[in-house]
Amino acid sequence: MHNVNRLWGVIIVLAIGILLLASLLISHAVNQSEPRPSPEPEPKQQGEDKNTQVVAKIGNRDITMAELQTVLTRHYGAEQLGQMLDREVIRLEGNETQITVSSAELNRELKRMQQGYESEQQFYDSMQSQLGMSQQEIKEDVSNKLLLEKLATASIHITDPQVDTYISTHADEFKQDTEYNIQQIIVSTKDQATKVIAALAKGENFATLARDRSIDDATNNSGGDLGWVESDDPFVEAPILETAKLLKIGEVSKPVPVSQGFAVVSLKNRREKTNPDQAFIRENVRRELALQQAPPLKDFVTQLRGKWKATVTDPTLR
């Protein structure tokens, strides 16, 4: 009987063990069959990727955006921050005084700046290559400058007689330029030029001779016609311009030495170049006279900074 009881005890213990083992196996199988949620990504600090972004490589070394920004801030940060503060105080003062720059004023100033360039696009391309400024940045910069000047001269009144006096005493600045309508025939030698002049004297047509004999590919197909040019046109050789100024309308020159050989020049016409925007000229004079009486613009901006309590809080950027 004792052995039977011990056997049943062993059987019960084994049964309990089997049940526990089966339970563990079932639990493991269930866990394997259920998809586990993906772990939440750790939050990244804002700007971390940008700061660690590699902007250049040299050998085994990477240069990051953070390094570049540190160097730029150290060398140019104070200047750039100062310009930002200046623009902001000018904007605030303009808002308070309700002084603005109109689109017409901005466009007139841009046109004035573009004088001497072949086209508007050439002007903006030049500003991009020389100053690294886009067309929009140029417009914003000019608008800011005009607003500053208007603010600094707001209390200064320049009369019409003052403008008249300035224009009359600075006549050279406002004189009307002369334009010349010139024809030219370019040949290789002085002897060829003399033969051209002789042919013209016999009544041959200037444009026909230019097409037949001129070696200047830019003008021979147009009969040697240069069109209307100003007295200081940089694209016309100086000897040709100086000769044309001395000719009467319809007159033909003697042989003129030029870079390609010799030129025969004829003056078709001349006219005084008129400036259609006299109002703009007077407004520019008025502005310049007012600026002469105003405080230096740098000092005026410093006053605005004080008024609007502009403060640089970072000691490295002061």
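Biologist: What makes β1 and β2 a hairpin, and which residue in the turn has a positive phi?

Modeller: In this predicted model, β1 and β2 form a hairpin with 2 residues between them. Gly59 in the turn has a positive phi of about 60°.

Biologist: How do you know that strands β1 and β2 pair?

Modeller: Pairing requires at least two bridges between the strands. Strand β1 (residues 54-58) and strand β2 (residues 61-64) are joined over 4 bridges, in the antiparallel sense. The two strands therefore count as paired. Within this arrangement, Ala56 stands opposite Ile63 of β2.

Biologist: Why are α4 and α12 called roughly perpendicular?

Modeller: Angles of 65 to 115 degrees count as roughly perpendicular. Helix α4 (residues 103-113) and helix α12 (residues 278-293) pack at about 90°, with their axes 12 Å apart. The two helices are therefore described as roughly perpendicular to each other.

Biologist: Is Phe123 buried or exposed, and why?

Modeller: Buried means under 20% relative accessible area. Phe123 has a value of 1%, so this residue is buried. Tyr124, at 5%, counts as buried for that reason too.

Biologist: How many aromatic pairs are there, and why is the pair of Phe123 and Tyr124 given its name?

Modeller: The count comes to 1 aromatic pair. The ring centres of Phe123 and Tyr124 are 5.1 Å apart, and pairing requires centres within 6.5 Å. Their planes stand at 65°, and planes over 60 degrees apart count as edge-to-face. The pair is therefore edge-to-face.

Biologist: What makes Ser266 buried, and which residues does Ser266 touch?

Modeller: Ser266 lies in strand β6 (residues 261-272). Its relative accessible area is 7%, and the limit for buried is under 20%, so Ser266 is buried. Not counting residues up to four places away in sequence, Ser266 touches Asn181, Ile182, Gln183, Phe206, Leu247, Gly250, Glu251 and Val252.

Notes
Residues numbered from 1 in each chain as written. Predicted model: local features only at pLDDT ≥ 70, side-chain atom pairs only at ≥ 80, totals over all residues. Heavy atoms only, no water. Axes fitted to C-alpha atoms, helices over the stretch in contact; angles between N-to-C directions. Parallel < 35°, antiparallel > 145°, perpendicular 65-115°, else oblique. Phe/Tyr/Trp six-rings, centres within 6.5 Å; stacked < 30°, edge-to-face > 60°. Buried < 20%, exposed > 50% of the residue type's maximum accessible area, 1.4 Å probe, protein only. Contact = heavy atoms within 4.5 Å.
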